[in-house]
Amino acid sequence: MRGDPDVLIIGGGAAGLFCAYHLRRRGRSVAVLERGTVGGAQSCSYGNTGFVGTHGAAALAEPGMLAAGLRGLLNPASAVAIRPLADADQLRWLWHFRRACADRSAAARLGVLVDMKRRSLSMLRELAADRGLGATFAMPGMVLAFRTDQAFERARAGLPAMADRGVPLRALTPAELRSLEPDADFAIRGALYNEEGAFVRVPGFIVELARLLVESGVEIHSQAEVTGFDSSGGQVDRVRTTGGTFRPGHVVIAAGAWSARCARMLGVRLTLQPVKGCSITVRAPGNGPRRPVLLAEDRVAVTPLGDQLRFAGVMEVSGMNPAVSSRRMAGVRRIVRAYLPRMTSTETVETWSGLRPCAPDSLPFLGRAEPYRNLYIAAGHGQMGMGLAPAGGELVAQAIAGEQADLDLAQFRIDRFGKPSAGRRS
Ligand SMILES: Cc1cc2nc3c(=O)[nH]c(=O)nc-3n(C[C@H](O)[C@H](O)[C@H](O)COP(=O)(O)OP(=O)(O)OC[C@H]3O[C@@H](n4cnc5c(N)ncnc54)[C@H](O)[C@@H]3O)c2cc1C
């Protein structure tokens, strides 16, 4: 037996590490299991653009998204693509996703996401100020660029609603854009600006957060893949891994896109699908943007990382294989060129693809998993995991500690798309 922490967290990405952070602050003994290494490329928290803050918090489930995804299969330059598989779990997810796209409660869910992102931003600012993570976090504001009048006008019309939610978005004049971004020459029809736009530099941020956790007493076990569980009487008793067996007080599944597979070993159904995406990191050209920019219509994000520049995009629902086709990667480059046609093309440093863990309604799964008394989930943060995980981790820690949660946990319920399945595979 390896040890008996109060809480054993499965998964060393942003979701798992922030659960560990908040639990350790509450005095719990905590261990994290990671099948690879923390900060490794297998994790979705590795090569993303790290946008955090309230910029334009947008749910994946939006009107028209399912149709756009199906059309996108034929178009490699499309931002979204959905490839239906002969897979019951994916079809179930798509069915709930279609409902969420049409659902009138979408606006309320957006409000929840904005609230979580604001809470997370204040935690990140605190961490950056007090705990030595400052080199991996910056808050230079964020630009949302629009290539068509139609999309810009639609976004501009939505500004009062965003302001009501406390998102400080405003339209930029061309002169203001030039003074914010003097090096970049945009071919766009309009831009918005959010002064609360911030970003974390990954994977450095994840590596530094893990270091801080270890210093505070959290055990991190790398190369420890969970392979099964032993349970009895509504209690998870043991967690079996390739690095030994653990007998924790509580278990948190925070295994990103692999969380559904892990939960299924205990007969718990998570309606979660991977939505794959990719990033391309190049040497920074002298005439690129200085701050994070969202190429809004095409959902491509651009982040400056010192002497490098990273572009990220593609939302493809097509199963667990993380590989993104070279045609789609080329599509991302084409999109960047369309918004920034005169930006000098430079050497590619790295290409990467990852699996976003997505719930059909774009809200994460947070809280206790029935019928177990000591099993919790922190998964499904979708395309905003870096921006939601700090607040999500606190909600899970509050649930484990038996504290009053800061937000209503009912909206994050694990079984909101159906009760646990009977079949259990361990
Ligand atoms: C191209 C792209 C761009 C993105 N840009 C942004 C952005 O700008 N802002 C933002 O907020 N979000 C962004 N995201 C989303 C964000 O990356 C994810 O939401 C977030 O990383 C999910 O974190 P996680 O901890 O849930 O999952 P992960 O980071 O994937 O971590 C889960 C970990 O669990 C481990 N694991 C799995 N199974 C087991 C097992 N059986 N035993 C032990 N360990 C296991 C995995 O190895 C993995 O390291 C982007 C994603 C992509 C793909």
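Predicted model: local features only at pLDDT ≥ 70, side-chain atom pairs only at ≥ 80, totals over all residues.

Trainee: Okay, so are arginine 416 and aspartate 361 buried or exposed?

Mentor: Arginine 416 and aspartate 361 are both buried, and their side chains meet in a salt bridge with an N to O distance of 2.8 Å. This pair links distant parts of the chain, since arginine 416 sits in the segment after α11 while aspartate 361 sits in the loop between β19 and β20 (365-368), 55 residues apart.

Trainee: How many salt bridges turn up in the whole structure?

Mentor: A search of the whole structure finds 22 salt bridges. Among the residues involved, Arg26, Glu394 and Glu403 are linked in a network.

Trainee: What does glutamate 347 pair with?

Mentor: Glutamate 347 forms a salt bridge with arginine 283, and the closest N and O atoms are 3.4 Å apart. Because glutamate 347 lies in the loop between α10 (326-339) and β19, whereas arginine 283 belongs to strand β15, the pair ties together parts that are 64 residues apart in sequence. Glutamate 347 counts as exposed because its relative accessibility is 52%, and arginine 283, at 36%, counts as partly exposed.

Trainee: And where do glutamate 215 and arginine 211 lie?

Mentor: Both lie in helix α8 (residues 204-215), four residues apart, which is about one turn of the helix.

Trainee: Why does glutamate 215 count as exposed?

Mentor: Glutamate 215 counts as exposed because its relative accessibility is 57%, and the cut-off for that word is over 50%. Arginine 211 is partly exposed, with a relative accessible area of 34%.

Trainee: Switching to the ligand, which residues come nearest?

Mentor: There are 38 residues around the ligand, and of these Glu34, Arg35, Ser43, Ser45 and Gly382 come nearest. By kind, the shell divides into 18 nonpolar residues, 16 polar ones and four charged ones.

Trainee: Which element gives the most to that shell?

Mentor: That is β19, which gives four residues. The elements that each supply at least two residues of the shell are α1 (14-25), β15 (273-283), β19 (348-358) and α11 (385-401).

Trainee: What do cysteine 44 and asparagine 48 each bring up to the ligand's oxygen atoms?

Mentor: For cysteine 44, a backbone N or O atom lies 2.9 Å from an oxygen atom of the ligand, whereas for asparagine 48 an N or O atom of the side chain is 2.9 Å from a ligand oxygen. On its own the ligand has 1000 Å² of accessible area, and the protein covers 97% of that.

Trainee: Last topic, what is the order of the strands in the open sheet?

Mentor: The open sheet has three strands in the order β3-β9-β5, with antiparallel pairing. Because β3 (51-52) and β5 (137-138) stand at the edges with a single partner strand each, one side of each is left without a neighbour in the sheet.

Trainee: How many bridges join β3 and strand β9?

Mentor: β3 and strand β9 (residues 198-200) pair in the antiparallel sense over two bridges, and the bridge partner in β9 of valine 52 is alanine 198.

Technical notes: Residues numbered from 1 in each chain as written. Heavy atoms only, no water. Near = heavy atom within 4 Å. Polar contact = N/O pair within 3.5 Å; in protein donor to acceptor, adjacent residues only side chain to side chain. Areas by Shrake-Rupley, 256 points an atom, 1.4 Å probe, with all protein chains shown as cover. Nonpolar A, V, L, I, M, F, W, Y, C, P; charged D, E, K, R; others polar. Salt bridge = Lys/Arg side-chain N within 4 Å of Asp/Glu carboxyl O. Buried < 20%, exposed > 50% of the residue type's maximum accessible area, 1.4 Å probe, protein only. Pairing = 2+ DSSP bridges.
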